[in-house]
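Please keep the sequence and the structure in view while reading.

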Amino acid sequence: MDVKLDPSQDDLPLLANTSHILVKHYVLDVDVNFESQDIEGTIVLFFESGNRFKERSRSTEESCQLESRGACKFRTPGPCHIPMTNARTFSSQMGYNDFAICGKGEKDTSDKDGNHDNREQASGISGSKYCRDTGNHGNEDFWLVLDCCDLSVLKVEEVDVAAVPGIETFTRSPKPTVVSEELRNQIVHELVTLPADRWREQLDYYALCSQAPGCGELLFATDTWSLQIRKTGAQTAADFPHAVRIWYKTTPKGKSVIWTSDQSGRPCVYTMGSPINNRALFPCQEPPVAMSTWQATVRAAASFVVLMSGENSAKPTQLREGYSSWHYYVTMPMPASTFTIAVGAWAEMKPQSCSPNDPAAERVFPASEATFRCAGPCGHMDYPCRFQDASATTQEIISCRIFAPECLTGICQETLLPLISPCLSAAHSILGTHPFSRLDVLIVPANFPSLGMASPHIIFLSQSTLTGGSHLCGTRLCHEIAHAWFGLAIGARDWTEEWLSEGFATHLEDVFWAEAQQLPPTEAQEQQELRACLRWRRLLDEVQNSAEEMQVLRPNKEKTGHVSESGASVVKYGLNPEKIFMQVHYLKGYFLLRFLAKRLGEETYFSFLRKFVHTFHGQLILSQDFLQMLLENIPEEKRLELSVENIFRDWLESSGIPKPLQRERQAGAECGLARQVSAEVKKWIRVNRRPRKRKRRENEEVFEKLLPDQLVLLLEQLLDQKTLHPRTLQNLQRTYCLEQQDAEVRHRWCELIVKHKYREAYRTVEKFLQEDQAMGIYLYGELMVSEDARQQQLARTCFELTKGKMDGASAKVVAEMLF
């Protein structure tokens, strides 16, 4: 390839050779150790290859050799440490007010016959310089390449699945007399291809096979980004063992796993949706095409609760004194990057309107097709799909649980719990069938660097969403719920096309929230126009203060989805440290969908969206998949020269503000709620200009009560004023009780304090920096650029107090600002 790549700075390598062999199921069996801050145990990987993956001949240009053979030594059993990387791995999807999907949550668009050759499906662009050529090369052994980093790999062995009692059901002969590699691989093939209605039997046999004895240790080697495994004499993927067990241990500084304390001071650990996803949690195949199911047994001290991406609401099993075991599973194939785990001393709360029973725990799918919804066949690979379950299609509110540190249960009961059912019901009314059977919501520790993150069956919410009323909590919850459809059930085939997840969730959060509040159509429209006004201001700021190449929503253009011969690829700008702060894929994606909805008409657009969800759930898509289907549903008279090519040019493949959006904003009239804010701003400007002493109190301004979004807009417009006197700021705080408002409002209030050096309120800034770390990182920059000694000292003092518990990526960015 022509592009010079520097993986330590910009591009994230995905090295797994998914074109030759795919993981179909993971079985984890691990212990969570808080004293040593590691997760230790085994993971068994079940593979499928053979005729499903075409072996390719080697060419000099396309051989995926390691950058340096000297950097990778063959290992025999014993400790093996993967070097820590110097890469700055900040999440590309977690800004101060937005979500990061754990691993972006992509789903598979494999062929209906189960063919998963990802030459046309995997994410990223060709990354051949990063990995070993792993095809069939005559006398050379085949290499299995897995994505991983910051792991200590101890041993790798083949699993003797033929030793499992009753496994004869998966062999052609009832009592095989000779156990061979071919027989073991045949057993695995039969197991991974069981039909969906035998999902429970399949899970049981996966568990039994994962506990089978080993039948030979395998050679393995490591480098910064991958684990490579080979078996002497196995020259093709078809010959390679299809059940492999890896003994491994995470490292305390591994970037996928965050060890910290919760708000009650209790130790806890959770996984992050960082660019490296789960490769520092377990060896895996990261490219989105590597769709798999999983099950996990997690052991921890009995005082801890284990939450995980799983279909069942797991309950603890008592082991030895003081120790418990938790078991989760999924039957819906998803990328390993969507796997999420959180372990802590969480307290459970249950919304009254959520079913106390867990239908997923003992789910039995009806044998009769008469009970299935008659909406046509699904386009995804075979799994127990809720879209074909009649009872699931009418389920407005899925089973849910709420978890939080003990000290936050009160505010959760007051703010969060009343929102769960109406938000879930609103989402169902807009999009239909919930893709997942249940939901856990966890209030994560204060160092979580985002307001929220969605993963299968679990949502992380920041504590910053809980204060100041229900508005911020409700909109954020709606955003994360929207990711169940866009980002998880339907995902981007190319991770650089993040707008397919974040643009949709941003657009849908407004629609869900209006429905959840049961707003009249006119009021809902006014509030959505106000939020469009706020996002327009943010987008203008975004394009003025970010690199042009980072503003493109489809940066790979015609190379979208291209990979190397082995399946290796890179995520463009995946490690660029600036991307964590960027909102462009949220904002431009939102405005594009808003533009299309207006062109089509709201009712027609959302009717189309339900059709689109039913067509593509369980699959990966590219931008053109959505746009082509949409344009087919737009009447000719409404297209007005609208085409996929034009949308690519104007919205997805250019930096800056899209021309259609510029024209719309220039021609559009200010909405009523925004006009009201403008009137209030004028009052405050008059107040600020008046002399300190006034002769007559009848000249006092009367201020209107404002909605939270109106307050945000008010403060943003006041930030444009060169000078605001301390008495004006004091009056502003007293009028709106700003310190009791939600985190979005308080953030703008802190910006005003910093800009105008309002010393009497510096304590408010200190409190925000310590308690609202999901948003406060921006304030450090404001404090430092002011070049005011007292403000700079305030920033350094707050950082010293919080850096020990701060998210590592955020701490590094702040340290660079301060020092």
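An axis is a line fitted to C-alpha atoms, for a helix over the stretch in contact, and an angle runs from 0 to 180 degrees between N-to-C directions. The model discussed here is predicted.

**Two helix pairs**

Helix α4 (residues 409–431) packs against helix α6 (residues 499–516). A second pair consists of helix α15 (residues 708–719) and helix α17 (residues 743–755). The table sets out the geometry of both pairs.

| Helix pair | Angle between axes | Distance between axes | Crossing |
|---|---|---|---|
| α4 and α6 | about 115° | 8 Å | right-handed |
| α15 and α17 | roughly 15° | within 9 Å | left-handed |

Angles under 35 degrees count as roughly parallel. The axes of α15 and α17 cross at roughly 15°, and these two helices are therefore roughly parallel to each other.

Which residues of α15 and α17 make the contact? From α15 come Pro708, Leu711, Val712, Leu715, Glu716, Leu718 and Leu719, while α17 contributes Glu744, Val745, Arg748, Trp749, Glu751, Leu752 and Lys755. Sorted by class, this contact of α15 with α17 has nine nonpolar, no polar and five charged residues.

In the other pair, α4 supplies Leu419, Pro422, Cys423, Ala426, Ala427, Ser429, Ile430 and Leu431. These residues meet Leu508, Val511, Phe512, Trp513, Glu515 and Ala516 in α6. The contact of α4 with α6 divides into 12 nonpolar residues, one polar and one charged.

**A sheet and the helices on it**

The next element is an open sheet formed by five strands, with mixed pairing and the order β18-β19-β20-β22-β21. At its edges lie β18 (347–349) and β21 (452–455), each of which pairs on one side only. From one strand to the next, the twist averages 20°.

Within this sheet, strand β20 (residues 438–443) and strand β22 (residues 458–461) are paired in the parallel sense, with four bridges.

Which helix touches β21 and β22? Helix α5 (residues 471–482) packs on the sheet there, and its direction makes about 150° with that of β22. Helix α4 also belongs in this picture: α4 lies across β18, β19 (399–404), β20 and β22, and runs at about 155° to β19.

Key: Residues numbered from 1 in each chain as written. Predicted model: local features only at pLDDT ≥ 70, side-chain atom pairs only at ≥ 80, totals over all residues. Heavy atoms only, no water. Left-handed = near helix turned anticlockwise from the far one by under 90°. Contact = heavy atoms within 4.5 Å. Nonpolar A, V, L, I, M, F, W, Y, C, P; charged D, E, K, R; others polar. Parallel < 35°, antiparallel > 145°, perpendicular 65-115°, else oblique. Pairing = 2+ DSSP bridges.
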